Amino acid sequence: MYTGKRALVTGGLGFVGSNLAIRLARLGAGVTIVDPCIKGCGGNPYNVRPVRDRVSIVSLDIADAEQFAGAIAESDVIFNLAGEVSHVHSMQYPERDLQLNTVSHLRFLETVKRIKPGIRVIYASTRQVYGAPDYLPVDESHPVHPVDFNGIHKYAAAMYHLMLSERGEIDGIALRLTNVYGPRVALSAPCQGFLSHFVRRLTLGQGLEIYGDGEQLRDPVYVDDVVEAFLLAGSLREPQSRVFNVGGPEVLSLNRIAGIACRLAAGVEVCHRPFPESQRTIDIGSYASDSSRIRRELGWQPKVRFEEGMARTLEYYRAEWPHYLDPDDLEPRCQLPEHRGVVRRLRYAAV
Ligand SMILES: NC(=O)c1ccc[n+]([C@@H]2O[C@H](COP(=O)([O-])OP(=O)(O)OC[C@H]3O[C@@H](n4cnc5c(N)ncnc54)[C@H](O)[C@@H]3O)[C@@H](O)[C@H]2O)c1
């Protein structure tokens, strides 16, 4: 399916992007990664070590797409995974989130549609666009009402892809991912999702903390299943739909998720804590995806159950933790530089 094809993977040194880039390279695709490892995100060059001699890496922001126009022109398909995942960061540094999740994508797509009109672009959207669900499981027709800047900015970027597709300028598809977990998730980046926080603590031999009563539901999806969804979306011939939920195979409470993870890690315990203020205001309660559309139209189905996926994840970090944890900084804090570059350039351009 991908042998001999050229794929551009933005955010390809991060968690999901690197797993996708490795799979593409192993399938025989020529892979170019665009990722400058932005501070506070999950980029890590070690992630692509298994295929390092088979991928090219462009260390630039996607906003600077003119500088890698040649790689865009050569590509048969673009997997657009560049982005900032942290909801907490988005509330602390909204302009940074705006730039990384929205302005950069606007600039990127402006170049893509000119250099390679009509190219398939698969965008990594998020379940966060739905906000606190009105009903479960959440299908693609559920109202969009994000509870944080991250959800709003990611929604805007997805809409750029869809609007340009309606105009025939690109051929975009947006995958709305639920909570993804697995090998290569960043353990040192601060304020990431609860699953990377759990993996980090278990890797350090620490117990898990759950905010609230732990009865909130989630449908975690293993990264290999997510990679499969991207591959299917990248090779789909005539899409009936352009937005797909990508959910996990089981709906579990946080108590159950933590219980399974602790059992696998043996010897650590779970405790409950009240929500910190920064988390309480953006909590969405329970979430579960209705993934029937992607199952029907792409034939995708998640295969890895949580217990199996978490066992594989913990095994990965048992061997690889020195590449993911800085022994001098075992308590990462949510302190980041503002990332003002692109917005400032746009303001200058306007005067
Ligand atoms: N991990 C999840 O649970 C999850 C859930 C829903 C959606 N997503 C989306 O999937 C994508 C990948 O997530 P991840 O978990 O791999 O995150 P990650 O932080 O591990 O990887 C994201 C990568 O994007 C890069 N990046 C950010 N902005 C960039 C820019 N402007 N130009 C070039 N590179 C840039 C970062 O350096 C990083 O390496 C993100 O867009 C995220 O919003 C992830």
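Predicted model: local features only at pLDDT ≥ 70, side-chain atom pairs only at ≥ 80, totals over all residues.

Q: Then is Ala 266 buried or exposed?
A: Exposed, because Ala 266 has 8 C-beta neighbours inside 10 Å.

Q: Where is Ala 266?
A: In the loop between α8 and β13 (270-273).

Q: What is its phi?
A: Near 50° for Ala 266, a positive value in a residue other than glycine.

Q: And Cys 37, what is phi there?
A: Phi of Cys 37 is also positive, near 50°, and Cys 37 is not a glycine. Cys 37 sits in the loop between β2 and β3. With 15 C-beta neighbours inside 10 Å, Cys 37 counts as partly exposed.

Q: New topic. What is the mean pLDDT of the protein chain?
A: The mean is 93. Of the residues in the chain, 93% reach 70 or more.

Q: Where is confidence lowest?
A: In helix α12, residues 341-350, at a mean of 39. Strand β4, residues 77-80, has the highest confidence, at 99.

Q: Over which residues does pLDDT stay under 50?
A: Over residues 340-351. For that stretch the model has 10 contacts beyond four places in sequence.

Q: On to the ligand. How many residues surround it?
A: 33 residues. The closest are Gly 11, Gly 14, Gly 42, Gly 43 and Gly 83.

Q: How do the shell residues divide by type?
A: Into 18 nonpolar, 11 polar and four charged.

Q: Which element gives the largest share of that shell?
A: α1, with three residues. α1, α4 (94-115) and β5 (120-126) each supply at least two.

Q: Let's stay with Gly 14. Where is it?
A: In the loop between β1 (6-10) and α1 (15-26).

Q: Buried or exposed?
A: Gly 14 is buried, because 31 C-beta neighbours lie inside 10 Å.

Q: What does Gly 14 touch?
A: Asp 35, Cys 41, Gly 42, Gly 43 and Leu 81, leaving out residues up to four places away in sequence. Gly 42 and Gly 43 are also among the residues closest to the ligand.

Q: And how far is Gly 14 from Tyr 324?
A: Their C-alpha atoms are separated by 12 Å. Along the chain, Gly 14 and Tyr 324 are 310 residues apart.

Q: Now the sheet. What order do the strands take?
A: β3-β2-β1-β4-β5-β6-β11. These seven strands form an open sheet, and the pairing is parallel.

Q: Which strands stand at the edges?
A: β3 (55-58) and β11 (243-246). Each has a single partner strand, so one side of each is left without a neighbour in the sheet. On average, neighbouring strands of this sheet are turned by 20° against each other, direction ignored.

Q: How many bridges pair β2 with β3?
A: Four, in the parallel sense, with β2 covering residues 30-34. Ile 33 stands opposite Ile 57 in β3.

Q: And how many join β6 to β11?
A: Also four: strand β6 (residues 171-177) runs parallel to β11. Leu 177 stands opposite Val 246 in β11.

Q: Which way do the β11 residues point?
A: Val 243 and Asn 245 point one way, Phe 244 and Val 246 the other. All are buried.

Q: What about helix α6, how many of its residues are buried?
A: Seven of 10, so α6 (residues 194-203) is mostly covered. Phe 194, Phe 198 and Arg 200 are among the buried ones.

Q: What covers them?
A: The cover includes β7 (180-181), β8 (208-211), α8 (254-265) and α11 (306-320).

Q: What follows α6?
A: Gly 205, whose phi is positive, near 75°.

Q: Which peptide bond is cis?
A: The one from Leu 136 to Pro 137, with omega near -10°. Pro 137 lies in the loop between β5 and α5 (149-166).

Q: Last one. Where is Met 91?
A: In helix α3, residues 87-92. Met 91 is partly exposed, with 19 other C-beta atoms within 10 Å.

Q: What does Met 91 touch?
A: Asp 148, Phe 149, Ser 278 and Ile 282, not counting residues up to four places away in sequence. Met 91 and Ile 282 are 191 residues apart in sequence, yet 9.0 Å apart in space, C-alpha to C-alpha.

Terms used
Residues numbered from 1 in each chain as written. Buried ≥ 20, exposed ≤ 12 C-beta atoms within 10 Å, placed from the backbone. Contact = placed C-beta atoms within 7 Å. pLDDT = per-residue confidence, 0-100. Near = placed C-beta within 6 Å. Nonpolar A, V, L, I, M, F, W, Y, C, P; charged D, E, K, R; others polar. Pairing = 2+ DSSP bridges. Axes fitted to C-alpha atoms, helices over the stretch in contact; angles between N-to-C directions.
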